[in-house]
Every structure is written in structure tokens, then in C-alpha cells.
Amino acid sequence: MDLHGYLNRTTFQTLKLSSTPTCSSSRFLSPSLHKTHKFPFPRLTTKALSTSSAAVQTSPTTTTISDDQGGKHQWKATIDFKWIKDNKETVAVNIKNRNSDANLEFILHLYDKLFILQKEVERVRGERNAVANKMKGKLEPSERQTLIEQGKNLKEGLTALEEDLAKLNDELQREAQCIPNMTHPDVPIGGEDSSTIRKTVGSSPKFSFPVKDHLQLGKELDLFDFDAAAEVSGSKFYYLKNEAVLLEMALLNWTLSEVMKRGFTPLTTPEIVRSSVVEKCGFQPRAKNTQVYSIDDSDQCLIGTAEIPVGGLHMDSILAESMLPLKYVAFSHCFRTEAGAAGTATRGLYRVHQFSKIEMFIFCRPEESDYYHEELIKIEEDMFSSLGLHFKTLDMASEDLGAPAYRKFDVEAWMPGLERFGEPH
Amino acid sequence: MPNAFLAISENYQFLRIKPKEGGLGTSTVLARDMDLHGYLNRTTFQTLKLSSTPTCSSSRFLSPSLHKTHKFPFPRLTTKALSTSSAAVQTSPTTTTISDDQGGKHQWKATIDFKWIKDNKETVAVNIKNRNSDANLEFILHLYDKLFILQKEVERVRGERNAVANKMKGKLEPSERQTLIEQGKNLKEGLTALEEDLAKLNDELQREAQCIPNMTHPDVPIGGEDSSTIRKTVGSSPKFSFPVKDHLQLGKELDLFDFDAAAEVSGSKFYYLKNEAVLLEMALLNWTLSEVMKRGFTPLTTPEIVRSSVVEKCGFQPRAKNTQVYSIDDSDQCLIGTAEIPVGGLHMDSILAESMLPLKYVAFSHCFRTEAGAAGTATRGLYRVHQFSKIEMFIFCRPEESDYYHEELIKIEEDMFSSLGLHFKTLDMASEDLGAPAYRKFDVEAWMPGLERFGEISSASNCTDYQSRRLGIRYRPSEVLVPGPKKSKGNLAPPQFVHTLNATACAVPRMIICLLENYQQEDGSVLIPEPLRPFMGGLDIITRKS
């Protein structure tokens, strides 16, 4: 029951086929070890394990902690409140840069309250134990009766305190979930327009004839059917036909082999997952205008990205250091409601409810994550170059990161038919 | 790990997509036909039958397909329907725009040939019994008769009301006019009441009639599971000189699956494929797609979320207790259990030109099944899972050709499974095991050494016009009824319902079970069958990782 075990709920960090609404909640984790910041991540874990006040939990994010008071959050994530408190200013600046509406003051207030309440609970427990011990000896009936009364009062008091403690824990969890991840120092501060271009590859092709968009080309070449899909399923669904099917298979086959060559383990994943796992990855299945489809009469959802089931692959586990890094390349279908994504850039294949995607995922030691971030973007850039695309890689600005991301690189490719860059990843 | 997919392009090179002539332009003619034949059917879930199909009661009756030995007057029936003078002609009765506020959730109607049922009552009754269906034929015919009478009454009252309206056009005494106004008002109220009754009766008839199963091919054995006959046996069970392992154990030793993590992330009967199993899935998909495309099928990928109405029109029951169908929250949408559904829906509410037929599709999709009520044995590992990849063949054809294409589909399956070196038998499924939409069904069961029994790997069904009557898929025959100087609508044969067939080309998890268990080696490795090797970059064996 250490103070670090709290649930976080975070915003949906997505493929960002539309500009991400800057939602308020994020998940705070002790910051990753950055080359210039040596955050004491290993030491914090040791600290957590040596907290004497509670039993040591080696897997704090367990669904078995019952939580009847105070809300639907039944699982807890490990948040380093002490670190937040000690680095209050940095955290506050980060929250502002991210345009998050996490309420840091209130969170720290709750944290202090919790600490005090926990001490009180321990004190009362101690008193109750003392009374219980006294009753073991030989006593006069009147003495015994007094002790029994005392014991009873203490028990009632303790129960009430424990209920308050649980409620406070939940509230702290709910609030703390709004705190976004820390931010890499090189990330530009600001909104969309502040994102910087890291790299540009190729140039837009010159056409000596009027350019058609993909919908028109697809129609003429009999590659898609959106109309029939609208009847069968609804808008933003489609059938691929003929060579488009071969193209999809070719892209999947080729991408899988390219990434496997670089040492990634291939995976296929479940596309139906428990909603708790969706939340633990930083998405909000229950939010209004959520991107997540839910299954009727169930706590399950459809995945919007293989990131979710791959992240879940090792949940509640302690891995041997020698296993790291774990590099996976996962193929799955992805489902997105695209609720709230109206307006331009929704024609044809640009924004659809269902699509195939190959996703790379790495589990690594903290000091290596920046390195692997560079490796991942390099793999993407190599592949898109091989396909002859004209694209630019962006270092996304602080307001556009999405809660879980410490740093995010987006690749936008030139789409002549749309006459602009669009995100193909 | 060798570069996995170099050879795939070579294998696809020979494939030439047929040049398209302006694509599949289907003319969708929507007109309204209020004849007595337009009713909804709801039927049992006809599936890949990964478990023995519960013999559910409801099925749909359709006028029987044209069978080689039975010349049913299919064209004539449609003509009869169209010549019914009592109502405007509807050429696509299965439209979602028919409002249906009374009597239930069925908002769309399928075209059922009640007159045929009535005229062939005994045959239909025997079929219902053979299918172990609990359709109530007597009651249905009773409702039909009631409906007919009520319809006549409605027409009569309408006629009277029109007469009154006409009278009021002329010059009249005020008292006469007043009388007529009163009469008109009473008739109107009476008519409204009658029309409400008519709508309710229509719905009830629809609900009941949906319990009637498709007719049955005369060669189908009558009875339960044990009556199914073996059409063909291929290969023989491999002899092993060492203890045989099942796919779960092989998968564990070769690090091919993860069921435990999937149970945490998603629940039981979910899984991750890893390493060579992923390559095996991709190889099976690529190879199967190319094999079937070679035979003239058009490749498709399909939506996996569809409207529940489309699911029902194909013969499944998304709302039944223990349904196999996952539904989406706050929506009328469902997840597909098979690509049969979106492919059938591809041409719903359409009239196709005869020259377009047959339309042959090979569709790749993921499939989702609740497997509710499927407890007990044979649920371990990959044998029964909630999500899997499948390649499905689907044909739309003229009625007189469906038996031929049924044979073609099963031959394609048998050829493919033979190529992979599997030992299997093809069964002609008995009448109680058909599932409502199927006129005839062939199942292939392959030998699975680890399970020590045969397991179903595919199913090929001829649904005749069962699905097409619900989905509203017809074609316009090019024959000319009345010779004339040029073809016009007046002298062309009226549109008829197509026949639909569906067949599993590859259900990946079952195939993986077969391949792992049959090709296991003494040292725990697994050989890859020849045809798949080029699709795995030449990999010929799966070995333990060090």
C-alpha cells in the first residue's frame, strides 16, 4: 500500500491523423533518464521497496486491489510523488508548456493530506494492537471490560479512517493522472506551429498533367469501393479491390521484412483488449468523443493501435536486464471512431475507421530510450526513402505531444492529390 | 533469419488482374413492390462451424434453387409476383426505408415466396422436420391467409373511400355533401385501423416465416451429425516414430505463441503469434490469395465492422442469447465472424447485369467470434479462438449454376489442402447440421495428430437464394421474352434472385495447428511444406531458438 501506487488516466496518444485535442489529463512518471539529466530512477524504485510502512508490492499495477470507494479506477500506477514535490517548479512549468490542466497545487495538497492520514491510521493501529496485547494477560473483569470497550472504539475509528484513506487515495490518483510526462529539453515549446523540421527528404514530383487525387485514381482503376461499404457499414469504411489488395499485402510483407532485418521480433496481436489496458497505455476509452470502440456488455475495447496489446504483453512483469532491449514489430488491424474529426482531410482513405498497420515497439533501459528513439525514426526514414516518398520529419512541439510522450517525431509525406503534407504514420 | 519475402513477387508475377471494363457498375434500381412476398427472415448463425452448430429453430424459406433434376419454375414465380395487380411493383424489396413501427425490431423485409410454400406445403413440412427446425408451418400459412384477406379488405375500403372522394367532386346539395364528408371520415378511420393491423400482421408473418430453413439438396443425407457422409478422403495419417506433441506444446517450445499474456491483456481464447508463426500466417495468406486468384477470383479486403442488419440478412442472429456475434456499444454495428457477411453485402439492393455473373471474390479479413456456449473439449490453444485471420471465397451466380460452383469451390479447397500435404476428408453434411441458409454444405476435416482426431478446417455452402432474397441481390437475365426490334424493359425477363455460395479458403489458426502437428520432427522442429517456403523467404524449417 505504498504511496506510489496510484492509477493514472491519460489522454489518447494516437496516430494523430488529426491534430490531437490537447486533453487535460496525462500520466506522470518519474522522468526517463535523459543524457543531461541524471534522474535517480533506479534509486526511486529502491526507495519504494524500502518503504517500511507497507508490504512490498513487486507488481503495483495489479487489478486485484479492490477499490469500492470513490470511482471506477481499479488499478494503480506507480507515481513518484516525492519527486514531484521536490521538483515542483519544473513540473509546474512542464504542465504549462504542455497546455495541460493538471492541478499541481491540489495534487500536492492531497498528497500531504494522505501522508498525514496514513500516519494517523498507523497510530490508531498501534493503539489497537497495544490494547489487544494487554488483553492477553491476566486481568480483573472490570479492567477487561474497559479494554474491550477501548478496542471496540478503536476498531470503529480505524475502519472510518481506512475508508477515508481509500477515498483519498482514489482522489489523488484521479487528479495525478492529469499530470503529463516530462519533456525532452530539445522539444520546442508551444503549439503546432512551433514544431521544428528535423529532416526533409526528396522533393515534390513535378507533373506535366493535371494531378488526380487517390479517390479518383482508385475509382478509375477499380481499387476501392466506398459506396458499398457505406451501405454495409457506414461512412469511412471501404473495401480494397484488385491491385489495391496486392498493394496492401506487399506493403505489409515488405515492411515486416525490413523491420525484422533490423532485429525486431514479429508479432500479431489481439485486437480486442480489456479497457484497463487501453487506459494504462494512455488512452481514454470512456471520454466523450473517444477514439476507442467499446464492445457491448463487456469491459473490452477494440484497439486503435498495436501499441496497446504490445505494451500489455509484459504488463505486471519484472524482466531480466539481459532481455533488454525487447524490440517488437507488430501487425494488426486498427479501429478508430474518429469521433469529432470532421471537416477537411476526411475524404477517401485519409481518415477511416479501420486499417492495417505495422507498429514498432521497444522496451529498454531508461538510459537507452533516447538512442532507440533515434533508431526508430531512422528506420522509418529509411523505409520511406526507399519508397521514393518526399517527406519531412518533425520534432513535435510541447502542446502537441500527447500525455505519455516525452518526445515525438512525426513524419509527413507529400500527397500531391491533397496538395499538402499528410501524416502517413 | 533469411529475408522473408523476396520470392513473393515472383509468385505474384503471373497473376494478371482481368482488365476491367469500367469496373463493376451495378445499376441499383429501387422501386417499390408491395406484394405479399416481401418479408424479413431471421435465421440461425451459419458459421465456419468451429463447434457443432446448435440446431436453432429459425431458418428462412426460399423458393428452391433450380436443381439439375428439379426444374422449379423460378422465373415464373417472379413473373407472377410482378403481375400481382394489387400493388405497385417493387424491384428491390429489401430496403431499409420501409418504416416498421409496430410489432418489433425487424425493419427490413426479405422476399419470401409464400405462394410457393403454400402450393408445396408437404415438401416444405418434410424439409422443416429433416432440418430439425421448429418453424411453425401451419401457423405461418394461417397468417398468410389472414394477411391476404386483410389486404383485400384494405383494398375494398380504399376503393370505397375513393368513390366517396369522387362523388364529392360533383355538384351536391349541402346535406348530401355533409353525409359524404361523414362517410369519408369514417372510412378513413377504418382504413387507418386496418392498415395498422395489416402492418402488424406483416411483421408477425415475417418473424414466423424467418424460422423456415432453406430447402435441401436431394443428395443431402437426412439426419444428425452421424449421418453426414464422406465424399472424399485424401492422404493418410502420418506415422510418427516418437511421441507426438500437440500444437500448444510445439508452440511453447518454439516460442511461437503467447496465450498467457493475451489472457491478461484481453481474456481467454486470445493469443499473440510470434516469430515464425507470424511468417507462417503471412505465408498462408499470401499463398492462398495467389492460389485462388489464379482461378479467377477477385481479391478484396472488407470492413470488419458492419451494420447488424447486414449480419441478419446473411443468416446470423446478433441478438440471440449465446450469439456468436460481438456488438459495438452505443451502435447498431457488429464485428464480423466471417468475410461472407461484408462480401454478401457488397451487392446488396442491386440488380446485376447477367453478363457480370458469375462474380467470384476472394476476401481477406480478420474474424471475431464470441464462442459463447462453446465450452468443454477442443477449446485448447488455437482450436477455438475469438479472433483469427481468414480467407474466404464467395460467388454470386445464376441459379442454374450454383451446384456447379459448389463443386468448383470444394475442388479448390481440396486441391489446396492436398498441396499442403494434409490428410483430410470431405463431408456432405447431414440435414440437421446444415444451418439455415445452406441448401447443401461440404465440410473439410483434417487430421490433427496432437488432438488425435479430425478437426474442421473449412466449410463450403451453397446458400442458393437464401441470402440474396434478404440482401436484395438480383440479376437481369439477357434473354428476351417477347421478340421485338430492340430490347426494352417491357420485353426483357424480370430480374431474378442470384444464388450465393461461400467457402473457406484458409482459416489461419486451424491451418497452423495442422501444419505444426503434422510436420513436427523428432527434435521438436517443424518442417514447412514446399508451397509455403517461397512465401517465407525460403525458410524450410522452424527450429528452437537458442
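Biologist: How many helices and strands does the secondary structure of chain B come to?

Modeller: The elements are DSSP runs numbered from the N terminus: helices are H or I with at least four residues, strands are E with at least two. For chain B the secondary structure comes to 14 helices and 19 strands.

Biologist: What are the ground rules here?

Modeller: This is a predicted model, in which local features need pLDDT of at least 70, side-chain atom pairs need pLDDT 80 or more, and totals for chains, interfaces and linings use all residues. Residues are numbered from 1 along each chain as its sequence is written, chains are lettered from A and ligands numbered from 1 in the order written, and side-chain values use heavy atoms without hydrogens or water.

Biologist: What distance separates the centres of domain 1 and domain 2 of chain B?

Modeller: The bounds come from an automatic or database domain assignment. Domain 1 covers 114-211, and domain 2 covers 225-478 + 492-542. Taken over C-alpha atoms, their centres are separated by 44 Å.

Biologist: Why is the pair of A:Phe335 and B:Phe368 edge-to-face?

Modeller: Rings of Phe, Tyr and Trp (its six-membered ring) pair if their centres lie within 6.5 Å; planes under 30 degrees apart are stacked, over 60 edge-to-face, the rest tilted. The count over all chains comes to 19 aromatic pairs. Here the centres are 6.3 Å apart and the planes stand at 70°, so the pair is edge-to-face.

Biologist: At what angle do the ring planes of B:Phe417 and B:Phe424 stand?

Modeller: B:Phe417 and B:Phe424 are both buried. Their ring centres are 6.0 Å apart, and the pair is edge-to-face with planes at 80°.

Biologist: Which residue in β10(A) stands opposite A:Tyr328?

Modeller: Strands pair if DSSP finds at least two bridges between them. β9(A) and β10(A) pair in the antiparallel sense over ten bridges. In β10 (residues 354-363) of chain A, nine of the ten residues are buried. Opposite A:Tyr328 stands A:Phe361.

Biologist: Which lysine lies over the face of B:Phe454?

Modeller: A charge sits over a ring if NZ of Lys or CZ of Arg is within 6 Å of the ring centre and within 35 degrees of the ring normal. In chain A, A:Lys392 lies over A:Phe421 at 4.3 Å from the ring centre. For B:Phe454, at 4.3 Å from the ring centre, the residue is B:Lys425.

Notes. Buried < 20%, exposed > 50% of the residue type's maximum accessible area, 1.4 Å probe, protein only.
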